[in-house]
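Subject: Handing over the two-chain model

Hi there,

Here is the structure I promised to pass on. Have a look at it first, and then read on for what turned up in it.

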Amino acid sequence: MNKATFGSRRGFAKLLAAAFVAGFGITGTAYAQNYPAKPVTLVVPYPAGGANDMLGRLIGQKLSEGLGQQFIIENKPGGGTLIGATAVAKAAPDGYTLLVGGFASNSVSPLLFKADYDPIKDFEPIGMFGTAPTVVITYPDSPYKTIKDVVEAAKKKPDQIMYGSSGNGSPLHMSGEMFTAQAGVKMVHVPYKGGSAHILDLIGKRLDVIFDTSTNSTPLIKGGKVRPIAVSSKTRLPDFPDVPTLTESGYPDFSVNGWYALYAPAKTPKPIVDKLSAELQKIMKMPDVVEKLRGVGVTPGTGKADELAAYAPAELEKYRKLIKDANIKAD
Amino acid sequence: MDFLHNLYIGFQTSLSLINLWYAFLGAMLGTLIGVLPGLGPIATIAMLLPSMYTLEPTSALIMLAGIYYGAQYGGSTTAILINVPGEASSVVTALDGYKMARKGRAGAALATAALGSFFAGTIGTMVVAAFAPPLTALAFEFGAPEYCALMFLGLVGAVVLASGSLAKALAMVVLGLLLGQINTDVITAVPRFSFGITELMDGINFVVIAMGVFSFGEIIANLGKPAEHRDVFIKKVTGLMPTKQDFKDSAPAALRGTILGCLLGVLPGAGPMLASFTSYSVEKKVAKNPGEFGQGAIQGVAGPEAANNAGAQTSFIPMLTLGIPTSAVMALMIGAMTLMGIQPGPQVMTTNPSLFWGLITSMWVGNLMLVILNLPLIGIWVKLLTVPYRFLFPAIMAFCAIGVYTLSNNTFDVYCAAAFAVLGFVFHKLGFEPAPLILGFILGPMMEENLRRALLMAHGDWSVFVTRPISATMIVVAVGLMIAITLPAISKKREEVFVEDE
């Protein structure tokens with residue numbers, strides 16, 4: 001009932017906007033020149049705190065400075081990012097409601113749960129602001145020095161080596177599934193409910209490894225609380241030049257990244273998307289932004305729309321296959 | 001001594017004039033916003049975060065700490081004045097604090113909460129500075145079996161929270177457990193009892209239930225009475241400050257609460273909340289007149305408030321020693337640090353000692369500011385209660401609705417709270433107390449998650465719960481407590497003591 005009211009009100013607004021545009025002959029370009037004429041909402045589909053929220057706030061702050069209007073963060077958590085993403089997918093495509101999306105909202109969550117939106121078709125890509133590669137970590141004095149050690153141990157004792165994750169469908173879980181599939185080993189996946197309990201259990205030696213995203217593990221590695229075994233990026237990370245890549249370790253096809261991107265609802269006028277993307281590209285080159293992103297283990301993106309337009313569908317297909325092969329099911 | 005030297009570095013930072021000002025500003029903003037029902041520390045900090053980007057990082061963090069404590073204290077204020085617990089730990093405060101308010105002793109309750117918190121905060125700060133490493137080691141001892149056993153113990157203890165019938169308390173615990181089953185199964189990622197509603201996939205928010213059954217239910221019940229009986233609040237206010245006897249009653253309770261809080265606070269997730277519940281149960285057990293609990297016992301405010309605040313203090317320990325955020329508030333603070341260009345993590349202690357110890361000592365400064373700020377404010381808060389009910393209750397409803405909405409910026413939560421309001425009214429009429437329901441609702445899913453994880457990691461071997469010393473001890477205590485509660489002789493005596501005379 002509620003949905004219906006909202007729907008019709010939005011429909012009416014669209015009609016009004018259409019009449020307005022037709023009647024006064026305002027072109028999209030002119031509209032974009034005035035954009036943003038009022039504050040813009042950046043929907044973060046997570047609660048406040050955490051990587052996605054933090055990146056959203058950082059980018060929002062820079063967009064506010066660059067475009068001269070407030071970009072306000074609105075946390076709409078829940079449903080494995082589905083609630084926030086749905087809200088943006090169904091919002092008016094006028095550039096005033098944007099999504100801080102990525103790995104969960106635009107690839108894995110719609111595959112695991114029943115989503116009311118299409119993760120590709122219902123959004124207009126603006127640009128990516130970063131990727132977070134996987135870092136395989138273990139406790140400091142663990143017997144696993146290399147990826148080979150982990151694989152050998154897992155082959156010797158199938159279903160005994162345990163890896164933790166922050167939940168089903170998290171990058172940590174997907175990494176574990178992809179790795180065990182490629183290495184041909186069986187390990188136990190121990191899911192946690194977000195938060196940091198899995199890290200405590202790793203340091204407390206109840207877990208053997210975690211295929212962590214670099215955003216979570218970078219401070220821990222630098223503080224010497226956990227030890228990195230390998231990274232999933234194509235080349236070694238500047239922060240950890242001594243840690244080999246998984247490609248070097250014999251798994252060139254492994255690729256699971258957390259990723260963060262800005263989306264508008266589908267059918268947002270192209271001039272607006274272009275304007276946002278151009279601004280985002282500028283932001284991604286700012287030294288302080290690059291430094292802050294690197295500081296939390298995020299590899300800065302370019303902010304280019306066409307890059308994101310190619311990246312996201314590939315991700316979706318990759319995880320569709322992985323989830324099917326690994327027989328991870330929900331609902 | 002390292003300990004003293006560290007505190008010295010810290011106070012050098014936090015007692016500078018400018019930082020004291022920010023601590024005060026933070027505590028004031030936190031109190032003002034936190035006192036709006038349902039706006040807890042997280043919403044408050046998230047709201048004020050953008051205004052802090054321009055500040056120097058240390059000052060900003062000190063202000064954040066002030067906001068955090070202010071908002072938390074604001075939550076206790078609403079729990080005491082109008083029976084609106086904004087977070088899990090204030091549910092306990094509401095039990096006796098609200099009863100005190102209705103008896104005209106809101107001032108004493110508020111002052112006790114502030115002073116108890118300050119005392120606990122002082123001890124907590126010293127504990128953080130002196131014993132962070134050993135307490136971190138304690139946190140590591142707690143794996144899934146230990147958490148599961150702790151939750152089990154907590155659930156058994158939940159029954160003690162009620163002052164009425166044992167059977168009704170048990171029924172409420174079970175109902176809480178059932179409501180807690182609405183979520184997504186952690187192990188298999190299957191949504192349970194969500195009926196295809198995306199909002200139910202993460203379960204019902206605790207605040208929604210607490211507001212519905214506590215505040216709204218009470219309001220409906222109040223409106224059901226004839227107008228002349230409706231003004232349940234103060235006709236006469238008997239002193240704004242606690243009496244000598246109050247101090248004598250509440251000091252030992254605050255001390256016990258502080259110890260409990262310091263220990264349990266280290267456990268990520270449920271620490272401070274469990275501490276305040278446990279403190280209440282302990283106080284009720286050791287009290288000379290347990291019958292007063294639930295009727296406005298000052299120990300029931302002092303103990304849990306102290307436990308909660310001490311727990312809030314020591315819950316910073318895992319973050320400080322490991323760089324792991326153990327609660328949403330801390331995650332937000334770490335995010336803020338990052339935005340300000342400080343790389344969070346365990347290395348902050350060595351790379352930026354003045355910031356690190358400044359933050360620790362500023363927690364104490366924040367608590368001090370709260371006392372300075374709130375003791376004079378008590379008079380104003382109490383005045384609020386003399387507002388005629390016909391104006392007060394719509395205001396409470398409106399602010400609660402706003403607060404519930406801000407939980408996840410979703411109207412669904414508001415509708416949910418409305419449903420629980422009706423349920424709360426029914427509970428009120430039938431004499432079912434909501435506190436055990438809340439505890440069952442919070443502990444149930446945590447216990448289930450840890451039970452299943454423990455079994456997953458032990459390859460299905462149930463003996464894991466009794467072969468590990470900590471978990472075995474807690475299970476023994478829980479079983480002992482269960483026997484004590486259910487033994488007919490004791491139970492009979494209990495009924496006599498606890499039966500309500502309303």
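Let's begin with one helix. Helix α10 of chain A covers residues 270-283; helices (H or I, at least four residues) and strands (E, at least two) are DSSP runs, numbered from the N terminus. Its 14 residues reach 20 Å from the first C-alpha to the last, close to the 20 Å expected at 1.5 Å a residue, where the expected span is 1.5 Å times one less than the number of residues. The buried residues of α10(A) are Ile272(A), Val273(A), Leu276(A), Ser277(A), Leu280(A) and Ile283(A). They sit on the same side of α10(A) because they cover an arc of only 130° around the axis, the arc being that of the directions from the helix axis to the C-beta atoms. Buried here stands for 20 or more other C-beta atoms within 10 Å of a residue's own, exposed for 12 or fewer, and partly exposed for anything in between, with C-beta atoms placed from the backbone.

Before going further, please note that this is a predicted model, in which local features need pLDDT of at least 70, side-chain atom pairs count only at pLDDT 80 or more, and totals for chains, interfaces and linings use all residues. Residues are numbered from 1 along each chain as its sequence is written, while chains are lettered from A and ligands numbered from 1 in the order in which they are written.

Chain A as a whole

Chain A has twelve helices and ten strands, and 53% of its 331 residues count as buried. Among contacts in chain A with a separation of 6 or more, 78% join residues 24 or more positions apart; two residues are in contact if their C-beta atoms, placed from the backbone, lie within 7 Å.

The chain is divided into domain 1 (37-132 + 257-325) and domain 2 (134-231), with bounds that come from an automatic or database domain assignment. The C-alpha centres of these two domains of chain A lie 27 Å apart. Their contact takes 15 residues from domain 1 and 13 residues from domain 2. On the domain 1 side, α5 (103-112), β9 (257-265) and α12 (305-325) of chain A are the elements that give two or more residues, and α5(A) gives the most, with four. That side divides into nine nonpolar, five polar and one charged residue. In this count Ala, Val, Leu, Ile, Met, Phe, Trp, Tyr, Cys and Pro are nonpolar, Asp, Glu, Lys and Arg are charged, and the others, Gly among them, are polar.

Where the chains meet

How many residues does each chain bring to the contact between chain A and chain B? Chain A brings 46 residues and chain B brings 41. The elements of chain A that each supply at least two residues include α3 (51-67), β2 (71-75) and β6 (188-191). The chain A side divides into 20 nonpolar, 15 polar and eleven charged residues.

Val190(A) lies in strand β6 of chain A. Val190(A) counts as buried because it has 23 C-beta neighbours inside 10 Å. Not counting residues up to four places away in sequence, Val190(A) touches Met162(A), Tyr163(A), Gly164(A), Leu207(A), Arg453(B), Leu456(B) and Met457(B).

The largest nonpolar core

A nonpolar core is a set of buried Ala, Val, Leu, Ile, Met, Phe, Trp, Tyr and Cys residues joined through C-beta atoms within 7 Å. The largest one has 253 residues, of which Leu64(B) and Met211(B) touch the most other members. Helix α6 (residues 106-141) of chain B gives the most to this core, with 16 residues. Each of domain 1 and domain 2 of chain A also provides at least three residues. Leaving out residues up to four places away in sequence, Leu64(B) touches Gly26(B), Ile45(B), Met333(B) and Ala336(B).

Backbone details

Most residues other than glycine have a negative phi, and most peptide bonds are trans. The peptide bond from Tyr35(A) to Pro36(A) is cis, with omega near -10°, and Pro36(A) is in the loop between α2 (28-34) and β1 (40-44) of chain A. Lys267(A), in the loop between β9 and α10 of chain A, has a positive phi near 75°. Lys267(A) counts as exposed because it has 12 C-beta neighbours inside 10 Å. Asn409(B) has a positive phi of about 50°, and its place is in the loop between α18 (389-408) and α19 (411-430) of chain B.

Enjoy exploring!
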